[in-house]
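The following paragraphs lead the reader through a single protein model, element by element. Please keep the sequence and the structure in view while reading.

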Amino acid sequence: MINLAILISGRGSNMEAILKSIKKNRIPVNPSVVISNKADARGIKIAQKLGVKTEVLESQGIKGPSWDYDKKIVSVLEKYDVTPKNGLVCLAGFMRIMSPEFIRYFKTRIMNIHPAILPSFPGLHSQKQAVEYGVKYSGCTVHFADEGVDTGPIIIQAVVKVKDDDTEETLAKRILSKEHKIYPEAVKLFAQGRIKTVGRKAIIS
Ligand code: GRF
């Protein structure tokens, strides 16, 4: 079975959706550890309530990608037996960019969720960007992480209609409810060994 680590920085609602799916036996993975880079992340308490081990690795003051910091993550992952052979790392609102060394270490075993239909609106404040641009549809994307920002092979996307009177907040809320469906689904596909990556394409069987 795959050993799963989830990395968070705050609210942790995607983490919660994944952990709840696992508890309902919908995803055949071991929820090994939740790691937060912030001690006050709300998601930590949620993980603990769900009986999952948590670790905090403060990253305050460490700006930009840092292999030195990511090595600490690797140590925690090793402690919980989440390895490039048997592991999956889910970035779920983890507000740091992983170093190229970390990405190379874990290869195609790191997933991320982004609140837009990539490659549109990468980076921060995607829902605001979508509202301001005036797109008619937006949504969310689960993808493998690569060395770019929000650029790796796309696993699943879900679309939501953008209303004329949407604000960043109302759009974010509708997108988030789709995120909570597609992220557990992507983890399940991975756990079932149904995702094959060929170049830029993540092919689902
Ligand atoms: C989500 O919108 C996710 O797409 C983005 O950050 C937000 C995290 O929310 N990467 P949560 O912590 O999972 O509630």
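Contact means that heavy atoms lie within 4.5 Å. Helices (H or I, at least four residues) and strands (E, at least two) are DSSP runs, numbered from the N terminus. The model is a predicted one, in which local features need pLDDT of at least 70 and side-chain atom pairs count only at pLDDT 80 or more, while totals for chains, interfaces and linings use all residues. Residues are numbered from 1 along each chain as its sequence is written, and side-chain values use heavy atoms, with hydrogens and water left out.

The account begins with helix H1. Helix H1 is mostly covered, since 9 of its 11 residues are buried (buried means under 20% relative accessible area, exposed over 50%, and partly exposed in between, with a 1.4 Å probe and protein chains only). The buried residues of H1 are Ser13, Asn14, Met15, Glu16, Ala17, Ile18, Leu19, Ser21 and Ile22. What covers them includes strand S1 (2–8), strand S2 (29–36), helix H2 (42–49), strand S5 (110–114) and helix H6. Lysine 23, which also belongs to H1, is partly exposed, with a relative accessible area of 46%. After H1 comes asparagine 25, whose phi is positive, near 60°.

Two helix partners of H1 may be considered in turn. Helix H1 (residues 13–23) packs against helix H6 (residues 168–191) at an angle of about 45°, and their axes are 9 Å apart. This makes H1 oblique to H6. Here axes are lines fitted to C-alpha atoms, for helices over the stretch in contact, and angles run from 0 to 180 degrees between N-to-C directions. Angles under 35 degrees count as roughly parallel, over 145 as roughly antiparallel, 65 to 115 as roughly perpendicular, and the rest as oblique. On the H1 side, Ser13, Asn14, Ala17, Ile18 and Ser21 take part, and they meet Leu176, Glu179, His180, Tyr183, Pro184 and Val187 of H6. The residues of this contact divide into 6 nonpolar, 4 polar and 1 charged. In this division Ala, Val, Leu, Ile, Met, Phe, Trp, Tyr, Cys and Pro count as nonpolar, Asp, Glu, Lys and Arg as charged, and the others, Gly among them, as polar.

Helix H6 also holds lysine 181, which is exposed, with a relative accessible area of 59%. The C-alpha atoms of lysine 181 and asparagine 14 are separated by 9.0 Å, and the two residues are 167 residues apart along the chain.

With H2, helix H1 packs at an angle of about 10°, with axes 9 Å apart. The two helices H1 and H2 are therefore roughly parallel to each other. Met15, Glu16 and Leu19 of H1 and Gly43, Ile46 and Ala47 of H2 make the contact. Its residues divide into 4 nonpolar, 1 polar and 1 charged.

The strands come next. Strand S6 (residues 137–144) is largely enclosed by the rest of the structure, because 7 of its 8 residues are buried. Strands S5 and S6 run antiparallel and are joined by 4 bridges; two strands pair if DSSP finds at least two bridges between them. Isoleucine 113 has valine 142 in S6 as its bridge partner. S6 is also joined to strand S7 (residues 154–161) by 7 bridges, again in an antiparallel arrangement, and valine 142 stands opposite isoleucine 156 in S7. Strand S8 (residues 195–198) and strand S9 (residues 201–204) run antiparallel with 4 bridges. Their hairpin has 2 residues between the strands, and glycine 199 takes a positive phi near 60° there.

Some loop residues remain. Leucine 118 and proline 119 are joined by a cis peptide bond, with omega about 10°, and proline 119 lies in the loop between S5 and helix H5 (126–133). Histidine 125 has its place in the loop between S5 and H5; its phi is near 55°, a positive value in a residue other than glycine. Histidine 125 is exposed, with a relative accessible area of 52%.
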